[in-house]
Amino acid sequence: MPAEAVVDLDAIAGNAAVLRERLGTAQLMAVVKADGYGHGAVPAARAALAGGASWLGVAHVHEALALRRAGITAPVLAWLLTPGLDLAAAVAADVDLSVAAPWALAEVVAAARATGRTASIHLELDTGMSRGGASPQRWADLLDAVAGHVAEGSVRVRGTWAHFASADAPGDPSVDAQLDVFAAAVATARARGVDPGLLHHANSPAALLVPRARLDLARCGIALYGLSPAPAAAPAARLGLVPAMTLTARLAHVRPVPAGVGVSYGLTHVVPRATTLGLVPVGYGDGLPRHASTVPGPAAAVLVGGRRRPVLGRVCMDQVVVDLGGDEPAPGAPVVLFGAGQAAGRPEEPTAQDWAEAAGTIAYEVVTRIGPRVPRRWTGAAA
Ligand SMILES: *Cc1c(COP(=O)(O)O)cnc(C)c1O
């Protein structure tokens, strides 16, 4: 294969163990949505469970059902419902469903009745991010509707949850404000006779950096994959996290060029002095961010022969050109586009975080977007 994403399942299990230790008595929900942030949802889920996670979380019902089809029996929550889904399949497969509005409650109740089972739900409140969740003004009405269905046995409330807007910015006042709104909403639930179940608000940054936010359960994604949710304040290596995905390729072409030649589409980069160029057969068609070639700031780089080689000019659909600085490694020489880097004692090796900075985005996007053209290979004891 011209390129491959190697996923170290021991790293995922180890990162889960690091999170579990940070969480104290709180449980860990391993978030494996979007194919486990590109790492493979099923193997990532198994590795996280082996490392101490006790819950799995996904956005979509179909993602939860895929975990069940693979034989995974751990509790799974799917939190992004849209009207008209086959929720009976979810209830029959023992998938917990998030409810933020009366229409969702009605559809879950209908699914429970159709299957003759009690559906497990997690009530979602908006505590200040203004994305999903019931508005605080509609919370009491939602609770009253839920209470009726709990009494008749069609639903049980297994959890109550919300999501942070800015937990990756240490000390941001919105974090405490959101927790205060959450605490008040939990009190309202109890006052109206609804047991809120497991309380969960934290994502990776909150789980790692905000002890007060850990509650009963924390939903962690990015940290599980070994990338820091707050890279400026707390780099992955300092958090004890090891990036799990290594994107590799082999040099397709190596050749010398004289000073003054332009490189790649638009000839946006002109080499200032004679050098050698390497062709890496990976591009935006594989999910490499094209912005890495157009955002001002540090250039993206790859590792060849133990050294960082900067990307020159634009990222193409299938390939990028790198500056080999006069070296002439053989075509076929191994290339690491990104890997564990410093966290694995390889400071020269670029990381997904480095690519994110070059592209003006976050490492979440870099790994999640590595596309289906790149085959995955899983390594480690859990593979
Ligand atoms: C994606 C997601 C998470 C995980 O966030 P990380 O920052 O990757 O830990 C947690 N909760 C919800 C609702 C999410 O959408």
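**The ligand and its pocket**

Let me start with the ligand. It has 15 residues around it, and those that come nearest are K33, Y37, S204, I222 and Y364; a residue is near a molecule if one of its heavy atoms lies within 4 Å of it. This is a predicted model, in which local features need pLDDT of at least 70, side-chain atom pairs count only at pLDDT 80 or more, and totals for chains, interfaces and linings use all residues. Residues are numbered from 1 along each chain as its sequence is written, and side-chain values use heavy atoms, with hydrogens and water left out.

Next, the polar contacts, meaning pairs of N or O atoms within 3.5 Å. The side chain of Y37 has an N or O atom 2.5 Å from an oxygen atom of the ligand. For G221, a polar backbone atom is 2.8 Å from a ligand oxygen. I222 also has a backbone N or O atom 2.8 Å from an oxygen atom of the ligand. On its own the ligand has 390 Å² of accessible area, and the protein covers 94% of that (Shrake-Rupley method, 1.4 Å probe).

Which elements supply the shell around the ligand? At least two residues each come from α2 (33–37), α9 (204–209) and β9 (217–220); helices (H or I, at least four residues) and strands (E, at least two) are DSSP runs, numbered from the N terminus. By class, the shell has 8 nonpolar, 4 polar and 3 charged residues, with Gly counted as polar and Tyr as nonpolar.

Now the pocket. The ligand takes up the space of the largest pocket: on a 1 Å grid over the protein atoms alone, a pocket is an open set of points where a 1.4 Å probe fits, with protein on both sides within 12 Å along at least five of seven lines, and lining residues have an atom within 4 Å of a point. The lining has 26 nonpolar, 12 polar and 6 charged residues.

Technical notes
Polar contact = N/O pair within 3.5 Å; in protein donor to acceptor, adjacent residues only side chain to side chain. Sits in = over half its atoms within 2 Å of the grid points.
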